[in-house]
Amino acid sequence: MAQPTWRWACLLIVVGSLSLSCESILDPILDEGAVTHNVSLNATNRIAFTSYESRSNSRTDIFLLEMDGRECRNVTAQLGNSQQPSFSPDGSSIVFLCNTEVYIMDADGANTRQITNRGGVPYKSFPVFAQDGRTILFFAKTGTYDSRLDIYSVNVDGSNYRNLTNQYADCLHPSMSPDNGRILYFAVSETSGGGVRSDIYEMDAAGNNKVNLTANAGYNIFPRYSPDGSRIVFCALREGDQEYSLYLMNADGSQQRRLYGSDRMTTFPQFTPDGSRIVFVIESNNQRTTDVCIINADGSGFRNLTNSNCRNWGPVVAADGSRIVFESDGDGNDQLYTMNIDGSGRRKLTSNTRTNFQPTLRYH
């Protein structure tokens, strides 16, 4: 089995580990299209996304946009660098990062309030609501740039701030099960022989009873629950895989099986709202050609929905399952697009001089 490549390590760092506030640290490994930006949808299909002003001015703001492209407006202009928005399950609030701290605002951008104030935990990333809307999960470094990443939780009023992992590995991308009882994440660590391993873990909401669901069977990343919590989709590199492939398992880790693989790396899988299909991204070795794909949850019916020679990235599925919002640089500048779930009806949503791209897959 092939070992994880430097490209894989860069993916974890750029997409998963650090926010734009750390861009100066990442400059040596960032290229023109590698800065993290985010899109999230709420139940009424309002879009929240992060917009990057320019390379000469690295200011980032969160914008709100209707699915038809109307009413695009900056809702964090009076704040510092803001990014990584995610809606609450009921669509009434947005959690986001501002100057490395966690903030919440109403879904229309009003009533902004700061939730965390932890200078000793500066590198927070991708905050997301638990399913009950009362708790926020995120991952962060415990202190210095070289320290490990841990999963944290905090109540929406700023109370009960906790480190849930502390397991001597980089723990990334937590998500809560639909019943609000379990937290899913993946952990990257070094082996005794100096190699790297990555496994998918589950723990209870208090951070106890951690279970390794993949048990070191290759390299396992980016897990997501199905809407009913019975299954987990993830990406893995195992014996027989040419690249990271798409896998599915039961929520208890049983019946792990490969759904799709090719010579292109699969990343960021997510179920459609009805659980019948999985949307994901495939990318080429140079990360300059990426496509949005869909497949049935039983592994049949694979379709490349974008199939182009540009970067089509970061799909999020509308609440009714009918459409996908994604980023593309097909017109030269990274902008937001929408298309029907079958790839038809592609339409450009943003047209400006800013860079609106690489959305997070954090949405509810």
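## Strand E6 and strand E7

How many bridges join E6 to strand E7 (residues 101-106)? Six bridges join them, and the two strands run antiparallel. Strands here are DSSP runs of E with at least two residues, numbered from the N terminus, and two strands pair if DSSP finds at least two bridges between them. Across this pairing, Val102 in E7 stands opposite Leu97. The hairpin of E6 and E7 has two residues between the strands, and Asn99 takes a positive phi near 50° there.

## Basis of the model

The model is predicted: local features need pLDDT of at least 70, side-chain atom pairs count only at pLDDT 80 or more, and totals for chains, interfaces and linings use all residues. Residues are numbered from 1 along each chain as its sequence is written, and side-chain values use heavy atoms, with hydrogens and water left out.

Strand E5 (residues 82-87) runs antiparallel to E6 and is joined to E6 by four bridges. Cys98 in E6 has Ser82 opposite. In the hairpin of E5 and E6, five residues lie between the strands, and Gly91 takes a positive phi near 80°.

## The four-stranded sheet

An open sheet has four strands in the order E1-E2-E3-E4, with antiparallel pairing. Strand E1 (39-41) and strand E4 (73-74) stand at the edges with a single partner strand each, so one side of each has no neighbour in the sheet.

Strand E2 (residues 47-52) and strand E3 (residues 60-65) are joined by six bridges. Ile62 in E3 is the bridge partner of Thr50.
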